[in-house]
Amino acid sequence: MTQTPSFATAGLDQLNARVRHDLACLNLPAANWVPSRHTASGRHVHDVVIIGGGQCGMVAAFALLSGGIRNIRILDRSPAGHEGPWLDYARMETLRSPKTLPGPSYGMGSLTFRAWYEAQFGSDAWETLDKIPRPMWMDYLRWYRQVLDLPIDNEVTVEHVRPEGDLLQLELSGRNAPDEPLLTRKLIMATGREGTGGPKIPTFVDPLPRHVWAHSADEIDFATLADKRVVVVGVGASAVDNAAEALEHGAREVRHLIRRPAMPTVNKMMGIGSFGFTHGYADLPDAWRWRFMHYSFVTQTPPPRGSTLRVSRHPNAHFHFNAGVTATRMEGDEIVIETSQGKALRCDFLILGTGFEIDPMARTELAGYADRILLWKDRYRPPAELEHAELGNFPYVGRDFAFQEREPGTAPWLKNIHCFNYGASLSMGKVSGDIPGISEGASWLASAIAAQLYREDIETHWQTLQAYDTPELLGDEWQPEPLP
């Protein structure tokens with residue numbers, strides 16, 4: 001088999017050199033062109049701050065740096081090397097996405113997962129690799145951060161964002177938080193799946209003490225579930241992965257309670273993935289965007305085949321359909337779960353595989369003005385057969401991923417907060433969270449922010465144009481002569 005000489009088994013040192021060479025050939029990162037700003041009291045003003053140092057935050061940062069926007073900062077609440085869900089609540093064995101997707105490479109072959117993998121293991125190993133192991137994806141992202149030297153401040157949490165004139169002030173906490181708030185002109189919320197809301201917690205768990213249930217996004221000590229009866233609500237990817245973890249840690253039994261009459265089997269959105277969909281979706285009329293996402297929501301995405309087999313190979317795993325939860329209660333140390341079939345189950349621990357909800361009001365960063373954000377339900381009224389309360393709560397973001405005002409003039413600073421996370425998917429498509437389209441989304445985001453910064457500083461750029469006086473011709477290149 002022919003190997004790619006620049007990558008195959010060359011080792012990471014040589015790949016790092018190739019990345020640096022590619023960047024040099026492309027003149028990246030570009031020189032900074034944005035005029036620096038300080039407040040009257042001398043405080044430094046960042047051009048862009050990114051909340052989140054995971055894959056979306058990093059590719060957004062690389063896009064900004066590539067465009068010559070270099071006065072940026074990335075903040076992440078997790079320790080270095082643990083950004084995103086990959087070593088936290090993501091519990092699948094492998095990624096769902098095909099290994100060949102370019103992901104956050106931003107158009108550079110040397111930055112792809114394939115290049116990173118082949119440099120260490122060779123082309124033959126690449127050909128035999130089926131899916132990307134989840135921990136290996138985190139290893140790749142760590143390398144991506146290192147080779148691009150991205151400025152991430154770890155263990156810093158953004159508690160609140162508030163307007164400060166034409167700037168945004170970020171109130172911070174955490175072990176590495178600076179002593180005073182940060183000021184920025186633009187803010188990118190690269191906060192992942194929960195980025196514009198949080199875990200979806202159904203009210204039926206309200207009667208239960210907190211120690212007997214967990215959401216699939218919680219930290220769960222699965223070792224404590226050995227010999228326990230576990231019920232998992234839902235059958236999406238995260239529900240199935242958590243069921244598998246419980247079974248592999250010795251749970252006596254695991255039962256899925258599923259509202260649906262049957263398991264979804266077709267990932268509908270995969271069937272229309274294309275350059276056209278990625279670049280065309282955001283410009284579709286509201287009615288078409290709603291129609292596409294509504295169909296995706298109601299048909300649902302099935303769990304991966306491998307994840308499902310990981311559960312079903314255990315004889316003590318059970319899938320119960322048409323079995324929605326109607327109520328719960330405690331009887332002694334047992335959880336009693338009433339179902340829509342009129343039958344009750346008893347268990348020792350309950351896991352909610354119920355996903356995430358979109359609710360800007362749940363974000364503490366936006367406390368005090370989240371209700372001023374324009375939502376889809378404020379902008380578009382679907383026909384009765386396509387009504388969907390959850391879709392209505394998605395923020396209606398602009399082509400630059402920025403929040404918009406529900407009532408014009410009441411919160412003008414919202415245009416400086418860019419929703420580069422799952423919350424933008426109804427407006428923009430799958431370009432701000434999922435691996436397939438994040439480089440395209442980052443490119444749009446960086447281009448939009450560059451245009452805004454240039455427009456806001458237009459007087460300075462005009463003065464720079466007029467003041468520029470470096471001659472290209474020195475006067476000795478020609479001799480004037482009279483006409484003959």
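Biologist: Over how many bridges do β13 and strand β14 pair, and in which sense?

Modeller: In this predicted model, strand β14 covers residues 334-339 and has β13 as a pairing partner. Within this pair, Thr328 stands opposite Ile337 in β14. The sense is antiparallel, and the number of bridges is six.

Biologist: Which strands stand at the edges of the open sheet?

Modeller: The open sheet has three strands in the order β13-β14-β15, with antiparallel pairing. An edge strand has a single partner, so one side of it is left without a neighbour in the sheet. From one strand to the next, the twist averages 25°. The strands at the edges are β13 (325-331) and β15 (344-347).

Biologist: How far apart are the end C-alpha atoms of helix α12, and what span should its residues give?

Modeller: Helix α12 comprises 19 residues, 438-456. At 1.5 Å a residue, these should span 27 Å. The distance between the end C-alpha atoms agrees with this, at 27 Å.

Biologist: Against which elements do the buried residues of α12 pack?

Modeller: The buried residues of α12 include Ile438, Trp444, Leu445, Ile449 and Leu453. Gly441, Ser439 and Gln452 are also among them. The buried residues pack against β2 (44-51), α2 (55-66), β7 (182-189), α6 (275-280), β18 (417-418) and α11 (425-428).

Biologist: Which residues touch the most other members of the largest nonpolar core?

Modeller: In soluble globular proteins, nonpolar side chains tend to be buried together. The largest nonpolar core here has 84 residues. Beyond its neighbours within four places in sequence, Phe113 is in contact with residues including Trp126, Leu129 and Tyr140. The residues touching the most other members are Phe113, Tyr144, Leu170 and Ile417.

Technical notes
Residues numbered from 1 in each chain as written. Predicted model: local features only at pLDDT ≥ 70, side-chain atom pairs only at ≥ 80, totals over all residues. Heavy atoms only, no water. Helix = DSSP H or I, 4+ residues; strand = E, 2+ residues; numbered from the N terminus. Expected span 1.5 Å × (residues − 1). Buried < 20%, exposed > 50% of the residue type's maximum accessible area, 1.4 Å probe, protein only. Contact = heavy atoms within 4.5 Å. Core = buried A, V, L, I, M, F, W, Y, C linked by side-chain atoms within 4.5 Å. Pairing = 2+ DSSP bridges. Axes fitted to C-alpha atoms, helices over the stretch in contact; angles between N-to-C directions.
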